[in-house]
Amino acid sequence: MNKISNKNYLKKIIKEYAYSIGFNKVGFAKYRVLDEEIRNYQNWISNGFHASMSYLERNIHKRYDLKQILPEVESVIVFAHSYFTRIEHKSPFAKISRYAWGDDYHEILEKKLKLIVGYISQHVPNLKCKIYVDTGPLLEKIWAVESGIGWQGKNSLVLSKELGSYFFIGIILTNIEFEADTKVRDHCGSCVRCLQACPTGAIVQPKVIDSRKCISFWTIEKKTWEEIPEDLNFKGWVFGCDICQEVCPWNSKAVMTNESKFLPRDSQTNLDEKTFEGLTPEVFKEKFRKSPVKRAKFEGIVKNYKHILRQRCAKID
């Protein structure tokens, strides 16, 4: 078994292997505790900007210090995978967010990250790793910035010159001590298109989202009618919202995904009327099996659809 001691060469072949299985960018960051970042995060929680997502209040110590997750951690490897398709919604009504058109990215990226861990283990003795795909107490966007994947845009998402913001993030924590890649400077400049375009004013200041006003929160996290503001305009979105991404100039230059499983399933970019009329809990479960849409659950999708239907009938735009 080939054991590699040259860390720069190891970084090179890890990146090459990741690119070969579909990832578009790979960045390396050194482990450190997140002092300032956790203070900002706790202020965000204190302001109630996380809405009813109480799970975000838990495991603060792990978000602060990755050694609470993997005691041997020395580096964070961040992987970016485009899901951009250049396909447009078929209708302005009952739109599904682009990231949810295909199969569940959690499963797809996790399988690819496991391949990478297996590849690294062929070259490194006593390897220790932990894999995360938006599933654990990590501040993924912070580590994406730290690793040079991109910068944090004013809509709070990580932006890349090559990928825009239409990409998923996967992370491997490892006990290998790598040199960090160079961080990318902020390229948003004076642009405020995302702030101006958000129809509910959810971007309360650059990089800060008030989930209580966010269409994505209400259409994904909220499963019932409880507390939903009657006047909250979903702008035709039945699952998620891409408005702050659609207006971003960097997304006009984004490269297309190389993963066919992120293409719209059955060419569906919207929840059409015929599909909704035939939707039952059983049909929903089968139709959206292994789809991000299943997160909203049957009750949530029905709630969303009826809400935007009522707004369309009332001619609210």
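Visitor: Which residues in H1 meet which residues in H4?

Guide: In this predicted model, Ile13, Ile14, Tyr17 and Ala18 are the residues of H1 that meet H4, and their counterparts on the H4 side are Leu115, Ile116, Tyr119 and Ile120. By class, that contact is made up of 8 nonpolar residues, with no polar and no charged ones.

Visitor: And how do the two helices cross, at what angle?

Guide: The axes of H1, which covers residues 7–20, and H4 come within 10 Å and cross at roughly 145 degrees, and the crossing in which H1 passes H4 is right-handed. Two packed helices are described by the angle between their axes together with the distance between those axes.

Visitor: Which members of the largest nonpolar core touch the most other members?

Guide: They are Phe79, Ile116, Leu173 and Phe239, in a core that holds 89 residues. Helix H4, residues 105–121, supplies the largest share of this core, with 8 residues.

Visitor: What does Phe79 touch, then?

Guide: Not counting residues up to four places away in sequence, Phe79 touches Ala18, Phe23, Lys25, Val26, Leu113, Ile116, Phe168, Ile169, Gly170 and Ile172. There is also a second, separate core of 6 residues, with Cys194, Ala202, Ile203 and Ile209 among them.

Visitor: Since cysteines came up, how many disulfides are there?

Guide: A search of the whole structure finds 0 disulfides. Cys191, for example, is in none, and the nearest cysteine sulfur to it, that of Cys194, lies 6.5 Å away, whereas a pair of sulfur atoms would have to be within 2.5 Å to be counted.

Visitor: How accessible are Cys191 and Cys313?

Guide: Cys191 counts as partly exposed because its relative accessibility is 28%, while Cys313, at 62%, counts as exposed.

Visitor: Switching to the backbone, what is phi for Asn59?

Guide: Asn59 has a positive phi of about 55 degrees although it is not a glycine, and for context, most residues other than glycine have a negative phi. Asn59 is found in the loop between helix H2 (35–46) and helix H3 (60–64), and it counts as partly exposed because its relative accessibility is 33%. Across the fold, the C-alpha atoms of Asn59 and Pro137 are 6.3 Å apart, although 78 residues separate the two in sequence.

Visitor: What about Arg86, where is that one?

Guide: Arg86 sits in the loop between strand E2 (75–82) and strand E3 (95–96). Its phi is near 65 degrees, which is again a positive value in a residue other than glycine, and Arg86 is exposed, with a relative accessible area of 53%.

Visitor: One more loop residue, what does Glu72 touch?

Guide: Glu72, found in the loop between H3 and E2, touches Lys67, Lys128, Thr174 and Asn175 once residues up to four places away in sequence are left out. As for accessibility, Glu72 counts as partly exposed, because its value is 34%.

How values were computed. Residues are numbered from 1 along each chain as its sequence is written. This is a predicted model: local features need pLDDT of at least 70, side-chain atom pairs count only at pLDDT 80 or more; totals for chains, interfaces and linings use all residues. Side-chain values use heavy atoms; hydrogens and water are left out. A nonpolar core is a set of buried Ala, Val, Leu, Ile, Met, Phe, Trp, Tyr and Cys residues joined through side-chain atoms within 4.5 Å. Buried means under 20% relative accessible area, exposed over 50%, partly exposed in between (1.4 Å probe, protein chains only). Helices (H or I, at least four residues) and strands (E, at least two) are DSSP runs, numbered from the N terminus. Contact means heavy atoms within 4.5 Å. Axes are lines fitted to C-alpha atoms, for helices over the stretch in contact, and angles run from 0 to 180 degrees between N-to-C directions. A crossing is left-handed if the near helix is turned anticlockwise from the far one by less than a right angle, and right-handed if clockwise. Ala, Val, Leu, Ile, Met, Phe, Trp, Tyr, Cys and Pro count as nonpolar, Asp, Glu, Lys and Arg as charged, and the others, Gly among them, as polar.
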